[in-house]
Amino acid sequence: MFSGLELTLFLLGAAVLGVVAFRMMHLPPMLGYLVVGIVIGPHGLGFADDNETTHALAEFGVVFLMFSIGLEFSLPKLSAMRHIVFGLGVAQVLATIAVAMVFGWSAAYILPQLNEISWPAAFALGGALAMSSTAIVSKLLTERLELETEHGRRILGILLFQDLALVPLLIIVPALAKNSGNLVVTLAWASIKALVVLALLLFFGQKLMRSWFQIVVKRRSQELFMLNLLMITLGAAWITEKAGLSLALGAFIAGMLISETEYKHQVEEDIKSFRDVLLGLFFITIGMLLNVHLVLEHWWLVLLLLVGPVLLKFVLIAGLAKLFGSTTGVALRTGLALAQAGEFGFVLLNQAGGLQLMDPLLIQVILASMVLSMLAAPFLLAKSDAIVMKLSANEWMLQSLALTQLATRTMSSQKHVIIAGFGRSGQSLAKLLEEEGIPYHALEMDPDLVHDTREAGANVSYGDAARRESLVAAGIHRAAALVVTYASTPSALKVLHHANELAPTLPVIVRSHDDADLDKLLEAGATEVVPEALEGSLMLASHALVMLGVPLRRVVHRVQSARDERYTSLRGYFHGASDVPEDNDNLNVRLQSVALNEGASAIGKTLYQVALEQFDTEVTMLRRGKLRVGFTPDTVLQTGDIVVLRGTGENILRAEKRLLKK
C-alpha cells in the first residue's frame, strides 16, 4: 500500500509516460490520462487503489477546472452568441436528458441484466450524456482552422452552454438523490441556498475582489499573488460546500469574480499549470474506476452503449441544428463534432456513483463507452468532410456551387495574387496591391468576414486555400503569386503541397510565427518565409539605429542582408524565463554560452579538432576575457574562453559535453 506521497509520485510518473505516448500518436493528453488510470487502477494491474487520496486529488482537479471555466465566462461573449447558446445549446441539453430519462424508464425491460433505473438516476445519466468534450473538440477545431466557420461557431456555442449547464446540474442531482417526500420543496430549498450564496459572493465579492487584488499586486510578489489566488479559489469552494452545495460551484464563482478584473489574463497563466496537472490526475482517477474484466464480460453492452448514444447525439444535434436554421452540411458537421462524451460527463457520473444512484454495472459500462467515444472523436472529426459528402448530396452541390462561383469571379483574372486568409495581414496586403494596381483574389474561411469585406468592395470569396479544388477555382494556373497570410504551419504545408503540384513555378510566400518551422516550409516549396518575430526584431532594430544616428542607407543594407541570408544571423537566441516553452521546444534553434574553465577537455585543441559540426552545432562567437576575437577552424581554445553555440537544444547539449568533458 502506497503512502499519500508515494501514491502522488507514482501517479505523476505514470501520467508523464501516458502523455508522452499519446502526444507521440498526436492524440489529446486527456485520453492518455484515462488509459493510464485504466492500466494502473485496482481493476487493471492494481498498482494504485481508488482511495481517499486519489479522490482528494480528483476533487481538486474539478475545482480548478471549474475555476478556469469561470474565468472564461464573459457576459459580452455570452450576449454575442445568445441565440446559439440559449437556443441550440439549451435544446441539445434538455433533449438529451429527456431521451436518457425515457431510456432509464425502459432499460430494465430492454436489458434484463440491469436493475430498474430510478428517474433521478436517469436524470443524472442524461446530464452526463449531454456533455461533449470541450478540451478535445476545441483543440481539433483550432488545428483544422475551423473555429470561425459557421459550424465551428455553433459547436462552440453548444459547448459553452454545456459548461454553464454543469453548474445547475451539480446542484440538482444531489437534491434529487435525497429522495425527499416533497421534491419541489427540496429543489426550492437548494435553489434558495444557491441564490443566497451567489448573491453574497457576486455582490459583496465583486466589490471586494478588485480592491483586494490591488493591495496584493502592490506588494510586487509573485509568491503572494499565487497564494492569494489559491486562497480565493479554495475559499469560495469551501463556502459553497458549507452551504450544502458543491465545491465546483464555488470555484466557478471565484473564476467569474476574477474574470471581471484586469488581472484575469495573469491569473489564467498562473493557474494553468495547477489546473492541467490536477485535471490530469482527475482523469487518471476516472480511468481507475473502470473495471476492465467486467467490461470485457459485457462487451456487447459496452458496444451498444457506445454506438447508441453516439448515433443518438449525432442525429439529435444535427436535427436541432437544422431546425435552428443551419444548412444540412453545417448541421451534420456540428453533430459529428459533438457526438462523443465529455470530461464533465465524468464529473456527473462520478457524482451519481458517489450518491449511489445507479447500478455499479451500469456505471462501469457507461464509463467504458464514454472513454471509447472520446478516443474515437479525433477520427470522427478527421473524416467529417467525407462523411458529410456521403450523407448529403445537397452539401456536395453547395460546395460545387461555391467553387463554381469562385471560379467565375476569378475567370477573367490574369497575373493576380491569391491571398490565403483575409485577416488583418491579408487585408493590409490587399490594400497595398490595390494601390499598385495589382489584381488579387482572397480566400477566407470566416463567412461573416467574407460578407463584410465583400460589401466593402474587397475581392474575397469563401474557401479553404488548403484544398486543391479551391486553389484551382481561384485560378492558380493563371496567378502571379500565392501568399499565405496566416501563421499555421500544418495548413501552410497543405497549401504548398497542392501549389507545387498545380503550379510548380508559382512563387509562394508564407507567414510563420518565428524561425522554428522556417527550414521545413522552405523544403516544402515556399519561395519566401516571413517569420513575424524576426521581422519585428528587424523593424525595431532599424528604427533604433536610425534614431541613434546610423545612416539610413546602412540600416536598409543591414536589414536587406539579414533577409537575403534567410535570417541566419538572427536565428536562435538565449532563452529566458519569460519564453513560453513550445511542444517542439527541443527543435527550436537557440544560442548558449559555454565557459571553458580549467579542466575542460577542449582547452588546447583547435575548433577543427573539437569538430562540433558533427552535432549540427556552430560557433557564432568566441570571447577571450572582455574581447570578442575572430576565429577560424585553426583557432586554439584557451582556459577562460567563452564559446557561443547555435543549434537545437539536444545538439547544443551534446556539443557542450564535447567541449567540457574528457
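This is a short chat about a predicted model of one protein chain.

User: What is the mean pLDDT of the protein chain?
Analyst: The mean is 78, and 83% of the residues reach 70 or more. pLDDT is the predictor's confidence in each residue, from 0 to 100. In this predicted model, local features need pLDDT of at least 70, side-chain atom pairs count only at pLDDT 80 or more, and totals for chains, interfaces and linings use all residues. Residues are numbered from 1 along each chain as its sequence is written, and side-chain values use heavy atoms, with hydrogens and water left out.

User: Which elements have the lowest and highest mean pLDDT?
Analyst: Helix H19 (residues 393-410) has the lowest, 55. Strand E4 (residues 481-484) has the highest, 92. Helices (H or I, at least four residues) and strands (E, at least two) are DSSP runs, numbered from the N terminus.

User: Where does pLDDT stay under 50?
Analyst: Over residues 577-586. Where pLDDT is low, the predicted coordinates should not be read in detail.

User: New topic. In what order do the 4 strands of the open sheet come?
Analyst: The order is E7-E10-E8-E9, with antiparallel pairing. Two strands pair if DSSP finds at least two bridges between them.

User: Which strands stand at the edges?
Analyst: E7 (590-595) and E9 (627-629). Each has a single partner strand, so one side of each is left without a neighbour in the sheet.

User: And how many bridges do E8 and E10 pair over?
Analyst: Strands E8 (residues 618-624) and E10 (residues 642-647) pair over 5 bridges. Met621 stands opposite Val644 in E10.

Note on methods: Contact = heavy atoms within 4.5 Å.
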